[in-house]
Amino acid sequence: MEALLALLDALLDPFVDPGSRTFVPLLLGSLVVVGGLAMAGSRGARATLSAFATRSSRLDVQLLLARQLLRALGALPGLVSALWLASWVVALLDRLGTPEISLPSPVVTLLYSVVLFVVWDASRYAVHRLMHEIPALWAFHQVHHSAEALTPLTFHRVHPVESVLYQVRGALVTGLVAGVFFWLFRGSAQPAELFGVHAIGFVLNAVSGNLRHSHVWWSFGAAERWLVSPAQHQLHHGLGRDRSNYGTWLALWDRLGGSLELAESPPERFGIADDARNHGDDLVSAWLGPLADLASLSGRRTRPAREPESPAAPGSARAAPGGGSPATAAPRR
(Lines give C-alpha, C1' and ligand atoms only; values in the text may rest on other atoms or scores of the structure.)
Protein backbone atom coordinates (compact mmCIF):
# COMPACT_ATOMS: atom_id res chain seq x y z
CA MET A 1 0.00 0.00 0.00
CA GLU A 2 2.82 2.41 0.85
CA ALA A 3 4.45 1.69 -2.51
CA LEU A 4 1.18 2.41 -4.30
CA LEU A 5 0.75 5.71 -2.44
CA ALA A 6 4.35 6.67 -3.24
CA LEU A 7 3.72 5.93 -6.91
CA LEU A 8 0.52 7.97 -6.92
CA ASP A 9 2.33 10.84 -5.20
CA ALA A 10 5.03 10.80 -7.88
CA LEU A 11 2.49 10.79 -10.71
CA LEU A 12 0.53 13.69 -9.25
CA ASP A 13 3.60 15.74 -8.28
CA PRO A 14 3.64 17.95 -11.44
CA PHE A 15 0.11 19.09 -10.55
CA VAL A 16 0.36 19.46 -6.75
CA ASP A 17 3.87 20.88 -6.40
CA PRO A 18 3.79 24.72 -6.21
CA GLY A 19 7.21 24.72 -7.87
CA SER A 20 5.79 23.10 -11.00
CA ARG A 21 4.49 25.23 -13.83
CA THR A 22 1.50 22.89 -14.12
CA PHE A 23 0.53 23.31 -10.43
CA VAL A 24 -3.28 23.09 -10.57
CA PRO A 25 -3.94 26.60 -9.18
CA LEU A 26 -1.59 28.00 -11.82
CA LEU A 27 -3.46 26.11 -14.53
CA LEU A 28 -6.75 27.51 -13.25
CA GLY A 29 -5.24 30.99 -13.17
CA SER A 30 -4.17 30.53 -16.79
CA LEU A 31 -7.80 29.82 -17.72
CA VAL A 32 -8.76 33.17 -16.23
CA VAL A 33 -6.02 34.90 -18.23
CA VAL A 34 -7.13 33.11 -21.41
CA GLY A 35 -10.69 34.25 -20.79
CA GLY A 36 -9.55 37.83 -20.51
CA LEU A 37 -7.43 37.56 -23.65
CA ALA A 38 -10.34 36.00 -25.55
CA MET A 39 -12.56 38.91 -24.56
CA ALA A 40 -9.81 41.24 -25.79
CA GLY A 41 -9.80 39.48 -29.18
CA SER A 42 -6.82 37.14 -28.77
CA ARG A 43 -6.91 33.96 -30.84
CA GLY A 44 -6.17 30.34 -30.09
CA ALA A 45 -8.12 29.42 -26.94
CA ARG A 46 -10.33 26.89 -28.75
CA ALA A 47 -7.35 25.45 -30.64
CA THR A 48 -5.50 24.93 -27.35
CA LEU A 49 -8.41 22.95 -25.91
CA SER A 50 -8.67 20.74 -29.01
CA ALA A 51 -4.89 20.24 -28.92
CA PHE A 52 -5.31 17.94 -25.90
CA ALA A 53 -6.97 15.36 -28.18
CA THR A 54 -4.10 15.17 -30.68
CA ARG A 55 -1.50 12.47 -31.24
CA SER A 56 1.15 15.01 -30.31
CA SER A 57 -0.46 15.66 -26.93
CA ARG A 58 -0.75 11.94 -26.23
CA LEU A 59 3.04 11.69 -26.46
CA ASP A 60 3.30 14.65 -24.06
CA VAL A 61 1.32 12.63 -21.51
CA GLN A 62 3.32 9.45 -22.10
CA LEU A 63 6.62 11.24 -21.56
CA LEU A 64 5.32 12.97 -18.42
CA LEU A 65 4.03 9.76 -16.82
CA ALA A 66 7.14 7.79 -17.79
CA ARG A 67 9.44 10.43 -16.30
CA GLN A 68 7.52 10.42 -13.04
CA LEU A 69 7.67 6.62 -12.94
CA LEU A 70 11.43 6.74 -13.41
CA ARG A 71 11.72 9.19 -10.53
CA ALA A 72 9.49 7.05 -8.32
CA LEU A 73 11.70 4.04 -9.05
CA GLY A 74 14.86 6.05 -8.34
CA ALA A 75 16.06 5.80 -11.93
CA LEU A 76 16.48 9.60 -12.14
CA PRO A 77 18.46 10.29 -8.96
CA GLY A 78 19.63 13.72 -7.91
CA LEU A 79 23.20 13.89 -9.19
CA VAL A 80 23.99 17.19 -7.50
CA SER A 81 22.48 18.54 -4.28
CA ALA A 82 22.07 22.32 -4.15
CA LEU A 83 22.26 22.22 -0.35
CA TRP A 84 25.48 20.18 -0.40
CA LEU A 85 27.03 22.52 -2.98
CA ALA A 86 25.99 25.61 -1.00
CA SER A 87 27.57 24.17 2.14
CA TRP A 88 30.76 23.37 0.22
CA VAL A 89 30.91 26.93 -1.19
CA VAL A 90 30.44 28.45 2.28
CA ALA A 91 33.17 26.23 3.74
CA LEU A 92 35.52 27.14 0.90
CA LEU A 93 34.87 30.90 1.16
CA ASP A 94 35.16 30.80 4.96
CA ARG A 95 38.86 30.12 4.44
CA LEU A 96 39.08 33.70 3.16
CA GLY A 97 37.49 34.94 6.36
CA THR A 98 33.99 35.84 7.47
CA PRO A 99 32.76 39.10 5.94
CA GLU A 100 31.22 41.68 8.23
CA ILE A 101 28.37 42.95 6.03
CA SER A 102 25.30 44.33 7.74
CA LEU A 103 22.25 45.17 5.67
CA PRO A 104 18.57 45.24 6.62
CA SER A 105 16.99 41.81 6.11
CA PRO A 106 14.46 43.07 3.52
CA VAL A 107 17.34 44.47 1.43
CA VAL A 108 19.23 41.17 1.61
CA THR A 109 16.08 39.25 0.68
CA LEU A 110 15.42 41.50 -2.31
CA LEU A 111 19.03 41.33 -3.49
CA TYR A 112 19.24 37.55 -3.07
CA SER A 113 15.91 37.00 -4.87
CA VAL A 114 16.84 39.17 -7.85
CA VAL A 115 20.36 37.74 -8.24
CA LEU A 116 19.10 34.16 -8.00
CA PHE A 117 16.37 34.86 -10.57
CA VAL A 118 18.73 36.58 -13.03
CA VAL A 119 21.46 33.93 -12.78
CA TRP A 120 18.90 31.13 -12.99
CA ASP A 121 17.34 32.69 -16.08
CA ALA A 122 20.73 33.30 -17.76
CA SER A 123 21.77 29.70 -17.15
CA ARG A 124 18.54 28.38 -18.67
CA TYR A 125 19.16 30.53 -21.75
CA ALA A 126 22.73 29.22 -22.06
CA VAL A 127 21.77 25.55 -21.71
CA HIS A 128 18.75 25.94 -23.99
CA ARG A 129 20.83 27.55 -26.72
CA LEU A 130 23.45 24.81 -26.47
CA MET A 131 20.62 22.27 -26.81
CA HIS A 132 19.85 23.77 -30.21
CA GLU A 133 23.38 24.34 -31.48
CA ILE A 134 25.21 21.15 -30.42
CA PRO A 135 23.96 18.16 -32.47
CA ALA A 136 24.46 15.66 -29.62
CA LEU A 137 22.21 17.77 -27.37
CA TRP A 138 19.74 18.60 -30.14
CA ALA A 139 19.21 14.86 -30.64
CA PHE A 140 17.51 14.84 -27.23
CA HIS A 141 15.97 18.32 -27.22
CA GLN A 142 14.14 17.76 -30.48
CA VAL A 143 11.80 15.43 -28.60
CA HIS A 144 10.40 18.60 -27.06
CA HIS A 145 10.35 20.46 -30.38
CA SER A 146 8.60 17.71 -32.31
CA ALA A 147 5.32 18.74 -30.66
CA GLU A 148 2.89 19.77 -33.39
CA ALA A 149 0.18 20.93 -31.01
CA LEU A 150 0.99 22.92 -27.88
CA THR A 151 -0.66 22.54 -24.49
CA PRO A 152 0.68 23.28 -20.99
CA LEU A 153 1.62 19.58 -20.79
CA THR A 154 4.11 20.12 -23.63
CA PHE A 155 6.34 21.71 -21.00
CA HIS A 156 6.87 18.16 -19.66
CA ARG A 157 7.59 16.70 -23.12
CA VAL A 158 11.28 16.13 -22.37
CA HIS A 159 13.70 13.25 -22.91
CA PRO A 160 15.11 11.80 -19.65
CA VAL A 161 18.64 12.86 -20.65
CA GLU A 162 17.52 16.47 -21.00
CA SER A 163 15.71 16.23 -17.65
CA VAL A 164 18.96 15.22 -15.95
CA LEU A 165 20.92 18.02 -17.63
CA TYR A 166 18.45 20.68 -16.48
CA GLN A 167 18.32 19.16 -13.01
CA VAL A 168 22.10 19.44 -12.72
CA ARG A 169 22.00 23.01 -14.05
CA GLY A 170 19.39 24.05 -11.50
CA ALA A 171 21.26 22.49 -8.58
CA LEU A 172 24.57 24.08 -9.62
CA VAL A 173 23.10 27.56 -10.01
CA THR A 174 21.05 27.41 -6.81
CA GLY A 175 23.94 25.95 -4.80
CA LEU A 176 26.53 28.45 -6.02
CA VAL A 177 24.35 31.54 -5.55
CA ALA A 178 23.06 30.34 -2.18
CA GLY A 179 26.59 29.55 -1.02
CA VAL A 180 27.86 33.03 -1.85
CA PHE A 181 24.91 34.75 -0.14
CA PHE A 182 25.11 32.52 2.94
CA TRP A 183 28.80 33.40 3.20
CA LEU A 184 28.11 37.10 2.84
CA PHE A 185 25.00 37.41 4.99
CA ARG A 186 24.64 34.13 6.89
CA GLY A 187 21.16 33.62 8.35
CA SER A 188 19.65 36.72 6.78
CA ALA A 189 20.14 35.30 3.27
CA GLN A 190 16.61 34.15 2.51
CA PRO A 191 14.90 34.57 -0.88
CA ALA A 192 11.36 35.91 -1.13
CA GLU A 193 9.01 32.96 -1.48
CA LEU A 194 5.37 32.20 -2.17
CA PHE A 195 4.13 28.74 -1.15
CA GLY A 196 7.75 27.77 -0.58
CA VAL A 197 8.74 28.72 -4.15
CA HIS A 198 10.87 31.60 -5.42
CA ALA A 199 8.37 34.48 -5.57
CA ILE A 200 9.45 36.01 -8.90
CA GLY A 201 9.29 32.72 -10.77
CA PHE A 202 5.98 31.79 -9.16
CA VAL A 203 4.34 35.08 -10.19
CA LEU A 204 5.63 34.86 -13.76
CA ASN A 205 4.43 31.26 -14.03
CA ALA A 206 1.04 32.31 -12.69
CA VAL A 207 0.64 35.11 -15.23
CA SER A 208 1.93 33.62 -18.48
CA GLY A 209 3.93 30.43 -17.89
CA ASN A 210 1.31 27.97 -19.12
CA LEU A 211 0.46 30.08 -22.17
CA ARG A 212 3.98 29.68 -23.56
CA HIS A 213 2.97 26.19 -24.68
CA SER A 214 -0.45 26.94 -26.09
CA HIS A 215 -2.10 28.31 -29.22
CA VAL A 216 -3.14 31.50 -27.46
CA TRP A 217 -1.34 34.34 -29.23
CA TRP A 218 -0.28 36.83 -26.56
CA SER A 219 2.39 39.34 -27.48
CA PHE A 220 3.87 41.83 -25.01
CA GLY A 221 4.45 44.46 -27.71
CA ALA A 222 7.40 46.76 -27.04
CA ALA A 223 8.05 44.99 -23.72
CA GLU A 224 9.26 41.93 -25.68
CA ARG A 225 12.70 43.50 -25.78
CA TRP A 226 12.81 42.86 -22.03
CA LEU A 227 10.39 40.01 -21.27
CA VAL A 228 9.79 36.90 -23.39
CA SER A 229 6.10 36.66 -24.24
CA PRO A 230 4.09 33.46 -24.86
CA ALA A 231 3.88 34.50 -28.52
CA GLN A 232 7.67 34.68 -28.78
CA HIS A 233 8.02 31.18 -27.37
CA GLN A 234 5.43 29.95 -29.86
CA LEU A 235 7.61 31.40 -32.62
CA HIS A 236 10.48 29.40 -31.14
CA HIS A 237 8.35 26.26 -31.65
CA GLY A 238 7.50 27.23 -35.24
CA LEU A 239 8.63 24.85 -37.98
CA GLY A 240 12.11 25.96 -39.11
CA ARG A 241 12.15 28.87 -36.63
CA ASP A 242 13.71 27.31 -33.54
CA ARG A 243 16.90 29.38 -33.73
CA SER A 244 15.48 32.41 -31.92
CA ASN A 245 13.91 33.30 -28.56
CA TYR A 246 15.82 30.82 -26.40
CA GLY A 247 15.10 32.79 -23.23
CA THR A 248 12.67 31.73 -20.52
CA TRP A 249 11.66 35.05 -18.95
CA LEU A 250 14.19 37.79 -19.70
CA ALA A 251 14.69 38.79 -23.35
CA LEU A 252 18.03 40.42 -22.46
CA TRP A 253 20.02 37.26 -23.18
CA ASP A 254 18.48 36.87 -26.66
CA ARG A 255 19.23 40.52 -27.40
CA LEU A 256 22.86 40.09 -26.35
CA GLY A 257 23.12 36.82 -28.26
CA GLY A 258 21.50 38.15 -31.44
CA SER A 259 18.64 35.63 -31.22
CA LEU A 260 15.74 37.90 -30.28
CA GLU A 261 12.67 37.78 -32.55
CA LEU A 262 9.70 39.99 -31.80
CA ALA A 263 6.22 38.52 -32.21
CA GLU A 264 4.45 39.85 -35.28
CA SER A 265 2.39 36.93 -36.60
CA PRO A 266 1.91 33.30 -35.52
CA PRO A 267 3.94 30.53 -37.16
CA GLU A 268 2.07 28.52 -39.77
CA ARG A 269 3.07 25.19 -38.22
CA PHE A 270 4.67 23.88 -35.06
CA GLY A 271 7.14 21.03 -34.89
CA ILE A 272 10.06 19.62 -36.89
CA ALA A 273 10.19 18.73 -40.58
CA ASP A 274 9.32 15.07 -41.19
CA ASP A 275 12.71 14.20 -42.66
CA ALA A 276 14.59 15.78 -39.71
CA ARG A 277 12.87 13.93 -36.86
CA ASN A 278 14.79 11.17 -35.13
CA HIS A 279 11.76 9.60 -33.45
CA GLY A 280 8.12 8.73 -33.93
CA ASP A 281 5.02 9.53 -31.92
CA ASP A 282 5.32 6.81 -29.29
CA LEU A 283 7.22 6.65 -26.01
CA VAL A 284 9.72 3.96 -26.98
CA SER A 285 10.68 5.78 -30.17
CA ALA A 286 10.94 9.12 -28.34
CA TRP A 287 13.30 7.53 -25.79
CA LEU A 288 15.42 5.39 -28.11
CA GLY A 289 15.39 7.46 -31.32
CA PRO A 290 17.69 10.20 -29.95
CA LEU A 291 20.12 7.57 -28.64
CA ALA A 292 20.30 5.95 -32.08
CA ASP A 293 20.71 9.39 -33.65
CA LEU A 294 23.94 9.94 -31.71
CA ALA A 295 25.62 7.22 -33.76
CA SER A 296 25.02 9.16 -37.00
CA LEU A 297 26.43 12.52 -35.90
CA SER A 298 29.91 11.73 -37.29
CA GLY A 299 31.73 14.29 -35.16
CA ARG A 300 29.57 17.26 -36.13
CA ARG A 301 29.97 19.96 -33.48
CA THR A 302 27.30 22.44 -34.50
CA ARG A 303 24.01 22.41 -36.36
CA PRO A 304 23.54 24.44 -39.56
CA ALA A 305 22.52 28.05 -38.93
CA ARG A 306 18.92 27.21 -39.85
CA GLU A 307 17.48 23.97 -41.13
CA PRO A 308 15.17 24.58 -44.10
CA GLU A 309 11.53 23.68 -43.77
CA SER A 310 10.57 20.57 -45.69
CA PRO A 311 7.24 21.02 -47.47
CA ALA A 312 4.62 18.55 -46.30
CA ALA A 313 3.43 16.08 -48.88
CA PRO A 314 -0.19 16.45 -49.99
CA GLY A 315 -2.39 14.74 -47.45
CA SER A 316 0.41 14.49 -44.89
CA ALA A 317 -0.78 14.06 -41.32
CA ARG A 318 1.48 16.95 -40.36
CA ALA A 319 0.25 19.45 -42.92
CA ALA A 320 -1.57 22.40 -41.37
CA PRO A 321 -5.27 22.22 -42.26
CA GLY A 322 -5.96 24.65 -45.03
CA GLY A 323 -2.57 26.26 -44.48
CA GLY A 324 -3.97 27.95 -41.38
CA SER A 325 -1.97 29.00 -38.35
CA PRO A 326 -1.88 26.69 -35.34
CA ALA A 327 -2.83 29.73 -33.31
CA THR A 328 -6.27 29.67 -34.86
CA ALA A 329 -6.70 26.37 -36.73
CA ALA A 330 -7.69 23.15 -34.97
CA PRO A 331 -4.56 21.08 -34.19
CA ARG A 332 -3.86 17.84 -36.05
CA ARG A 333 -5.04 14.61 -34.49
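This is a predicted model: local features need pLDDT of at least 70, side-chain atom pairs count only at pLDDT 80 or more; totals for chains, interfaces and linings use all residues.
**Exercise 1. Where is Phe195, and is it buried or exposed?**

Start with the backbone: phi of Phe195 is near 55°, which is a positive value in a residue other than glycine. Next, find its place: Phe195 is in the loop between strand E1 (193-194) and strand E2 (197-198). Finally, check the accessibility. Exposed means over 50%, and Phe195 has a relative accessibility of 62%, so it counts as exposed.

**Exercise 2. Now try Asn245: where is it, and is it buried or exposed?**

As for its place, Asn245 is in the loop between helix H10 (230-236) and helix H11 (252-257). Buried means under 20%; Asn245 has a relative accessible area of 0%, so it is buried.

**Exercise 3. Which residues form a nonpolar patch on the surface with about 630 Å² of accessible area together?**

Look for Met1, Leu4, Leu5, Leu8, Leu12 and Val16. Then take one of them, Val16: this residue is found in helix H1 (residues 2-16). With a relative accessible area of 48%, Val16 lies between the 20% and 50% cut-offs, so it is partly exposed.

**Exercise 4. What is the mean pLDDT of the chain, and over which residues is the pLDDT below 50?**

The chain mean is 87, with 89% of residues at 70 or more. The pLDDT is below 50 over residues 310-333, a stretch that has 55 contacts in the model beyond near neighbours in sequence.

Methods. Residues are numbered from 1 along each chain as its sequence is written. Side-chain values use heavy atoms; hydrogens and water are left out. Helices (H or I, at least four residues) and strands (E, at least two) are DSSP runs, numbered from the N terminus. Buried means under 20% relative accessible area, exposed over 50%, partly exposed in between (1.4 Å probe, protein chains only). pLDDT is the predictor's confidence in each residue, from 0 to 100. Contact means heavy atoms within 4.5 Å. Patches are made of residues with over 30% relative accessible area and no salt bridge: like charges are joined within 9 Å, nonpolar side chains (Val, Leu, Ile, Met, Phe, Trp, Tyr) within 5 Å. Accessible areas come from the Shrake-Rupley method with a 1.4 Å probe; for residues, only the protein chains shown count as cover. A salt bridge is a side-chain nitrogen of Lys or Arg within 4 Å of a carboxyl oxygen of Asp or Glu.
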